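Colleague: Hi! Could you walk me through this model? I'm new to reading structures.

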Amino acid sequence: MANQIGYYSLILGLALSFILSAVSIKDFYNNNQGINQKVLSLSFLQFFFVIISFLSLILSFVNSDFSNETVFNNSHTTKPLFYKISGTWGNHEGSLLLWLLVLTLFIFLFLIKSNEQPKKYRILTLLFQQVIIIGFFLFLLKTSNPFNYLFPIPKEGLGLNPILQDPALAIHPPILYLGYVGSSIIFSASLSAVTQNYVSKEWAQHIKKWILISWIFLTLGIMLGSIWAYYELGWGGFWFWDPVENVSLMPWLTLTALLHCVLVLERRVALTSWIIILSIATFILSMCGTFLVRSGILNSVHTFANDPERGIFILIFLFVLIFLSLGIFFLFHKENNKNLDKIFWLSKEASILINNWFLMYFLSVVLIGTTYPIFLDVISAQKISVGPPFYHKLIVPFLIPFLVFMSLGPKLNWIKSKVENKFSLIIFFIISIFLSFFILRKLTPGVLFNTVLISPAFYLFFITAKDLFIKKFKNLPQSIAHFSFSMLLLSILFNSILSLEIITNIKVGEKYNFDKGQIFFQKLEKNKNSNYNSVIGHFKINNNKGKIIYLKPELRIYNQPVTITSEADIKTTLLADTFLVMNLVKGKEYFNIRYQVKPFMIWIWISVLLLSLGGLMSLLKKKYEK
Amino acid sequence: MKIIKLFLIIFILINFSQSKSDVKSEELKNKILKNIRCLICQGQSVYDSESDFALSIKLIVEKKINDGLSEKQIYEFLREKYGEWILYDPELSKNTYILWLLPLLLFLFGGAIVYMNLIIKKK
């Protein structure tokens with residue numbers, strides 16, 4: 001039953017797209033004030049049908065209705081209810097349905113929240129959004145119908161990949177998608193604004209809200225994925241420069257650049273072409289994210305769908321969108337007067353340009369690093385890998401000037417300014433260098449490089465901290481965001497420099513001594529759960545300062561599908577995480593363990609949360625700084 | 001600016017005396033293992049994997065280090081045996097000129113655009 005309801009709701013939703021487009025085109029040429037009420041109702045109706053469809057898929061998952069192919073492929077009766085529900089979007093079909101749900105939700109919200117905007121601009125935004133929505137409807141119905149019927153009805157499902165059965169990963173896709181799909185509104189709205197010649201200060205204030213919403217969710221979504229990778233993938237890292245991670249980072253970079261540019265547009269009409277290009281790029285990159293992950297082109301830990309037909313569909317769809325948007329941009333966009341567009345070098349605008357320059361460079365590194373191996377493989381059948389060393393070499397040195405500019409930029413005024421307080425800026429710089437040097441001197445061998453790297457991070461930290469506490473909250477969201485970004489970098493840098501790691505093989509009852517303490521493998525305990533059996537290791541870790549930590553990493557043997565996973569045990573304190581994971585070594589009685597002390601781990605998450613909080617505050621702020 | 005330059009020079013001098021401490025072979029091994037891909041895994045380095053393939057590569061790398069091969073020679077050896085695919089840090093070669101240089105060229109290009117859009121005048 002739920003199957004049919006879900007499927008026909010989708011068809012109705014698609015039909016509504018066409019009706020809605022027709023009605024709104026008619027309304028476009030109508031001279032009435034404001035949008036016809038019908039358009040709003042139809043848009044709501046479309047959202048309503050998609051949510052019905054989505055709910056019926058959830059219902060099928062909850063009831064373990066294996067006549068539904070998607071449920072059969074991705075669920076199992078013994079799975080806990082929570083993961084049955086999150087399994088709805090833990091697979092290809094369901095996650096696309098979620099995309100569609102958010103697409104229709106956002107355009108409806110856009111319509112009711114944009115009352116003060118010109119009518120034609122709103123209608124055109126709706127129409128562009130409908131192009132995307134129709135594309136997704138067709139994609140779902142043609143290549144990835146979530147409601148395929150199976151007969152005879154199987155008794156049991158195939159189960160959800162156990163590493164995806166995790167609370168962080170259960171909410172990671174919806175949050176990330178809110179970010180991705182939020183960029184669709186920015187895309188449609190900017191195309192519409194171009195055609196209406198409405199790229200103005202008013203537009204900037206209005207679109208900034210959507211940029212912030214998208215940015216906040218994208219930031220949180222990336223963080224959740226990273227947290228998941230940290231404790232679930234079992235080797236203690238949190239960012240692997242894996243293609244799927246890169247793909248989520250790319251729209252974040254363009255969106256961050258866009259956010260800063262819109263701040264300029266709020267005050268003076270400049271950078272208009274660039275803003276439109278960034279809006280288009282952000283959405284196209286979000287789509288590429290979906291394309292690269294779903295098509296199976298990427299070889300990655302996260303890819304869970306491999307189907308070339310889908311890839312080709314998304315590729316064609318992507319090209320249509322790119323040509324459409326670029327066509328509109330070149331046809332309609334009117335260049336500003338060149339002289340008005342110029343920016344005085346010592347001004348906040350100039351620093352935002354420089355910010356964009358670096359962000360685009362980081363984007364190009366990530367983009368080229370991710371896609372180049374694919375192109376090389378296609379063109380010359382040579383396979384190369386591009387891993388963390390590549391990204392570190394090309395990104396890390398550029399962080400140094402980037403951070404310095406980030407510290408100084410917000411100090412400047414709009415339009416034109418003079419350098420004031422030169423003295424304190426220089427003093428802070430010298431303090432930062434000294435501080436980094438003295439902290440690092442005893443800790444690592446590579447003092448010079450690390451000092452050069454960490455000093456600008458400290459510099460940003462001090463300057464933003466001073467703004468936060470002394471300047472009486474002049475521009476609080478910005479201060480918080482920049483402050484937390486410096487915190488993020490400092491935590492990441494110290495984390496990577498100071499991490500301790502020990503890998504060894506150990507039997508039950510054995511002790512392993514290392515220069516800073518001792519690991520004692522006390523005993524093994526066996527446990528039974530509804531969907532897995534587990535073996536729990538009891539470890540006692542003494543460090544030289546007499547502190548004792550007990551850690552219990554787990555090996556889980558999931559029944560459906562049969563998979564062995566290692567669950568790390570992590571003790572978190574404000575100063576450091578202690579991380580222990582054990583692995584089975586085939587045919588041996590010992591276990592391979594990996595013990596890590598990772599300093600400031602929790603501060604990485606805290607600073608990202610704080611970063612999003614900065615965004616949220618900016619979203620809620622009514623007035624902006626003149 | 002002069003002050004900063006001076007400090008930098010001092011740092012460089014201090015550092016030359018410190019950084020010459022020899023790198024232990026264990027650290028070298030870990031560094032190498034992190035830079036090679038586990039061919040049978042999904043997006044894992046040999047260092048992070050406990051698969052049979054990774055275990056055997058770990059033994060090979062350890063043996064090569066004991067034989068006195070340098071980091072570069074070991075990468076070379078692995079590349080000849082398993083192909084470029086195994087190295088996470090692709091070397092600059094005719095296959096990878098674009099990969100390494102394009103971002104840097106774009107950076108210069110972007111810098112030029114930014115420069116052209118700025119008004120730089122002396123008062």
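This is a predicted model: local features need pLDDT of at least 70, side-chain atom pairs count only at pLDDT 80 or more; totals for chains, interfaces and linings use all residues.

Colleague: In chain B, what share of the contacts between residues at least 6 apart in sequence join residues at least 24 apart?

Modeller: That share is 39%. Two residues are in contact if their C-beta atoms, placed from the backbone, lie within 7 Å. Residues are numbered from 1 along each chain as its sequence is written, and chains are lettered from A and ligands numbered from 1 in the order in which they are written.

Colleague: Thanks! Which elements does chain B have, and in what order?

Modeller: Chain B has five helices and one strand, running α-α-α-α-α-β from the N terminus. Helices (H or I, at least four residues) and strands (E, at least two) are DSSP runs, numbered from the N terminus.

Colleague: And how much of chain B is buried?

Modeller: Buried residues are 20% of its 123 residues. Buried means 20 or more other C-beta atoms within 10 Å of the residue's own, with C-beta atoms placed from the backbone.

Colleague: Switching to chain A: is helix H8 mostly covered or uncovered?

Modeller: Mostly covered, as 24 of the 32 residues of H8(A) are buried.

Colleague: Where does H8(A) bend?

Modeller: At A:Ile207, by about 30°. That is the angle between axes fitted to the seven residues ending there and the seven starting there.

Key
A residue is buried if 20 or more other C-beta atoms lie within 10 Å of its own, exposed if 12 or fewer, and partly exposed in between; C-beta atoms are placed from the backbone.
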